[in-house]
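Visitor: I would be grateful for a close look at one part of this model, namely a pocket and the elements that line it. Please then connect that part to its surroundings.

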Amino acid sequence: MTSLWPRIEPLLAQVTKPARYIGGELGARRPMHAPGRVAWLLIYPDTYEIGLPNQGLQILYEILNERGDAVAERAYAPWTDMEAAMRAASVPLFSLESSLAAGEFDVLAFNLSAELTYTNVLNLVDLAGVPVRGADRDASHPLVVAGGHCAFNPEPLADFVDAFVLGDGEEAVGDLTEVIGAWGATGGESRGDLLRTLAMVPGVYVPSCYEPGYQGGRLTGVTPRAPGVPERVEKRTIADLGEWPYPKQQLVPLIEVVHDRLNVEVFRGCTRGCRFCQAGMITRPVRERPAAQVNEMVRDGLDRTGYDEVTLTSLSSADFSGIGDVVSTVINDPECSGQVSVSLPSLRVDAFTVGLAAEIQKVRRTGLTFAPEGGTWRMRQVINKLIREEDLYAAVDAAFSQGWRRVKLYFLIGLPTETDEDVLGITRLAGACAEIGRRYHHNVTVTASVGGFVPKAHTPFQWFGQNTMEELRRKVGLLKDAARGTRGLTLRWHDPEATAVEGLVSRGDRRMGAVIEHVWRHGGTFQEWSEYFDLGLWTNALDAAGLDFVDSVYRHRDEHEVLPWDHVSAGLHRDFLWQDFQEALAEHGLEDCRWTPCYDCGACTGLGVEHMVASAVPPAGGSQGTGQDLVSGGTVPVRFLETVGASMSLGSTRGRAR
Amino acid sequence: MKVRVRFTKVGRVRWTSHRDVARMWERALRRARMPVSYTAGFTPRPQLSFGLALPTGCESVAEYLDIALDEPVAPSELAPRVSPMLPEGVDVVAAAVLEPGTNSLQEDVSSCTWEIRVPRVGAGELEAAIGHALVADSLPIRRERKGRDVVDDLRPSVLALSCAGCDADGAHLVAELGTRPRGVRPSELAQALGVELGLARRTCQWIERDGSRWEPLRADPAGTAVIWERAS
């Protein structure tokens, strides 16, 4: 194993942001490679600045390097100028720590956080000097592994990835290391043997062990090719987040990256039940970290890194039982002496949360962000984001009155049952927020950031036909017209073309692999970057594969249609999801099951784990499930199903007596 | 009180930018628990003032930084406390208390000495290029400014050039380049000389005062350097 650094350094003078390629972060390891140690290269398929902060990758990096039988290094997607320089100089993808060629590692492990990075995955495998298709690899090649949220529909990458890991990776990477190590110790000659053994590991999906069937252009199922391989792969779930206080040594980069601050995960999973949200569905149940451990991780982390900002991460951090305690501990710590700020991603929409934000952002009061997601109460009932207009106005009022001048609101368009009135509700709401702001300040900005909705696997909306790009464009047009005359309102929107392609890849079956490969072979990398996104490449690729947007993206699926991800499980019952979809269409909201009876979504019971929440009562002043009287939320009251006795059928166990 | 620090930037870390270096210092000072003064207001910032920017990719053994402190810290304490908190290749080599009223680095520094490797040429070839440059009336170079190509004359800023020998990889150029109205980059000098640019290292920054040259702070690992001590 030889360092490629002498060949890499001369390239750095030719490229932008050369420090992306030098490593040297605080917290970076220089692991000792040795026979008997499985060498992992953990790869984030986007730029260094986007990938470095990824906590999942950092957690696995530490866990693997703590093991006696593994070493882990990192790599990120080189920007196009560096890739060109590398290819011209025949320099392969290399690891940041030891500058080793990627092809020398035993495992290339990709983090899949966004579907539009898939062409980068292929590009990086190719840049590593490894055949992009799994079928073309032999025992001399590294194993290509992938995990992360997008792995919950693995099929579009099934031809390129040898094994997917579903769910939490903390324990699974150890199991994989042992299997790969044992295979290597016995000579490591048959790749097929290795793959078959991996397919038996819980949470691991080996696509080459499964055969997709089609009839009349439709998928009929993905079934095991060999005996002993599970028909359905269940995700991995760690029961107690407190046992995994990682990352212990968060990486501090030499250059500026996104989320450039200390991150401490306060809980994993979310049961708010927003129906569009894949993350909330696939990471259940809720597992909180003990508040004392959070405090310790914050204090140690700030000391060690020198950061002056900490983010308490989760899918809805204001819901953390210990939030008040943790926040006051940090800001009252004399060591921090008023120079450390705390931030919470995705604030809940209520005055309590704003009060909390006011307390923690004493230091740097920039902007506040809320995510009502829907423009009308009706729409928000459909998506189960049960924020009343009054809640939003009270929160925004609290924000402006306490000194903020910029408020950002996140919305989705293209949601099920959406009418133009719902769409225009977005500018109406945002405009009203700006008006509230003007009571306090001369100049206020309310930014409405509008994304096109992409239905995702393992959510109640997985059957929904995505809005066409033309329809999304029309809706953006409505908003642009409405926003034009509204003072203090700035409208931002996501490119409907990119939304359509995201939909294509999100719910595609194995045939989508050919489309991804076609786009990559025609130069389509960095598709999540607007300067490189190219719809034409995708349309050509669809034509070549005999597929189209209408059938793959825009079409409503019916209840019994086989979905490409039916053979992998996030623990959720399919009929729970269908039932929840029907309730959505009927405009019924659903409370958070952390503090209310179980709806039997399947996550806790099926996985044999439970919610781990420190507080038996919901946080003060919240929204759904937090003591709010939902009936007064709007003209259409939320209804709950009738209770029908103790032994209930699956559909009705979700009802709740009122 | 204010402390002036001299530090290095050598090795891989040379590929970071001037801004990156500023952020490294902010974090390192916090990790070392230095009582750095912060600005007042909504967005308090640590009061650090850096001298001339070092072009990304260049090394230096003569970078400077002035730090405002709320409480006195012995300059000799600074290097051992802060250097371990800085990335590999960035090390404090001297520190001293600044007299109140001392001009800022930006105001005072007027030239820098550079050692530049010129790959694939011999000493004779480099000496010839130097000879041409030194007798020329002007040394026009093309550079991009705000998206437009402009032509600059480098000659007034080229204060001294010499060849310091050569080895198998190429020749060694020593240059003193002016910093006013703007700092001349080694890459621009290479362009003007018509040679390739290898590794460039800033070895000194100079302040002109009363007809002689001074370093803002003499390199002295003991940390007892006296400012304005005559350096040459």
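**The second largest pocket and its surroundings**

Guide: In this predicted model, the lining of the second largest pocket draws at least two residues from each of four elements: helix H1 (5–12) of chain A, and strand S5 (109–119), strand S9 (170–178) and helix H5 (186–193) of chain B. The largest share comes from H1(A), which supplies five residues. The volume of this pocket is about 940 Å³. Its lining comprises 34 residues, and those closest to the centre are A:Ala13, B:Arg14, B:Trp15, B:Leu197 and B:Gly198. Sorted by class, the lining holds 17 nonpolar, eight polar and nine charged residues.

The peptide bond between B:Arg180 and B:Pro181 is cis, with omega about 5°.

The phi angle of B:Arg120 is near 60°, a positive value in a residue other than glycine. B:Arg120 has a relative accessible area of 63%, so it counts as exposed, the cut-off being over 50%. Another arginine of chain B with a positive phi is B:Arg33, at near 55°. B:Arg33 is placed in the loop between helix H1 (18–31) and strand S2 (48–50) of chain B. Its relative accessible area is 42%, and B:Arg33 is therefore partly exposed.

B:Leu161 and B:Ala175 are 14 residues apart along the chain, with their C-alpha atoms separated by 4.5 Å. Because its relative accessible area is 10%, B:Leu161 is classed as buried; the limit for that class is under 20%.

A cis peptide bond runs from A:Arg284 to A:Pro285, with omega near -5°. A:Pro285 is found in the loop between helix H8 (278–282) and strand S12 (287–288) of chain A. The loop between S12 and helix H9 (291–305) of chain A holds A:Arg289. With a relative accessibility of 1%, A:Arg289 counts as buried. Leaving aside neighbours within four places in sequence, A:Arg289 is in contact with A:Leu241, A:Gly242, A:Trp244, A:Pro245, A:Tyr246, A:Glu265, A:Val266, A:Phe267, A:Val294, A:Met297 and A:Phe320. The C-alpha atoms of A:Arg289 and A:Val444 are separated by 37 Å, the two residues being 155 residues apart along the chain. A:Ala185, in helix H6 (residues 172–185) of chain A, is exposed, with a relative accessible area of 68%. Its C-alpha atom and that of A:Gly322, 137 residues apart along the chain, are separated by 47 Å.

Two packed helices are described by the angle between their axes and the distance between the axes. Helix H13 (residues 389–401) and helix H14 (residues 420–438) of chain A have axes that come within 9 Å and cross at roughly 35°. The crossing of H13(A) and H14(A) is right-handed. On the H13(A) side the contact involves A:Glu389, A:Leu392, A:Tyr393, A:Val396, A:Asp397 and A:Phe400, which meet A:Arg428, A:Leu429, A:Ala432, A:Cys433, A:Ile436 and A:Gly437 of H14(A). The residues of this contact comprise eight nonpolar, one polar and three charged.

For helix H16 (residues 496–506) and helix H18 (residues 535–545) of chain A, the axes come within 10 Å and cross at roughly 35°. H16(A) passes H18(A) in a left-handed crossing. Here A:Glu497, A:Val501, A:Leu504 and A:Val505 of H16(A) meet A:Leu535, A:Trp538 and A:Leu542 of H18(A). The contact of H16(A) with H18(A) has six nonpolar residues, no polar residues and one charged residue.

Note on methods. Residues numbered from 1 in each chain as written. Chains lettered and ligands numbered in written order. Predicted model: local features only at pLDDT ≥ 70, side-chain atom pairs only at ≥ 80, totals over all residues. Heavy atoms only, no water. Axes fitted to C-alpha atoms, helices over the stretch in contact; angles between N-to-C directions. Left-handed = near helix turned anticlockwise from the far one by under 90°. Contact = heavy atoms within 4.5 Å. Nonpolar A, V, L, I, M, F, W, Y, C, P; charged D, E, K, R; others polar. 1 Å grid on protein atoms, 1.4 Å probe; cavity = no way out; pocket = protein on both sides within 12 Å on 5 of 7 lines; lining within 4 Å. Points joined across faces, edges and corners; volume = space filled by probe spheres on them. Buried < 20%, exposed > 50% of the residue type's maximum accessible area, 1.4 Å probe, protein only.
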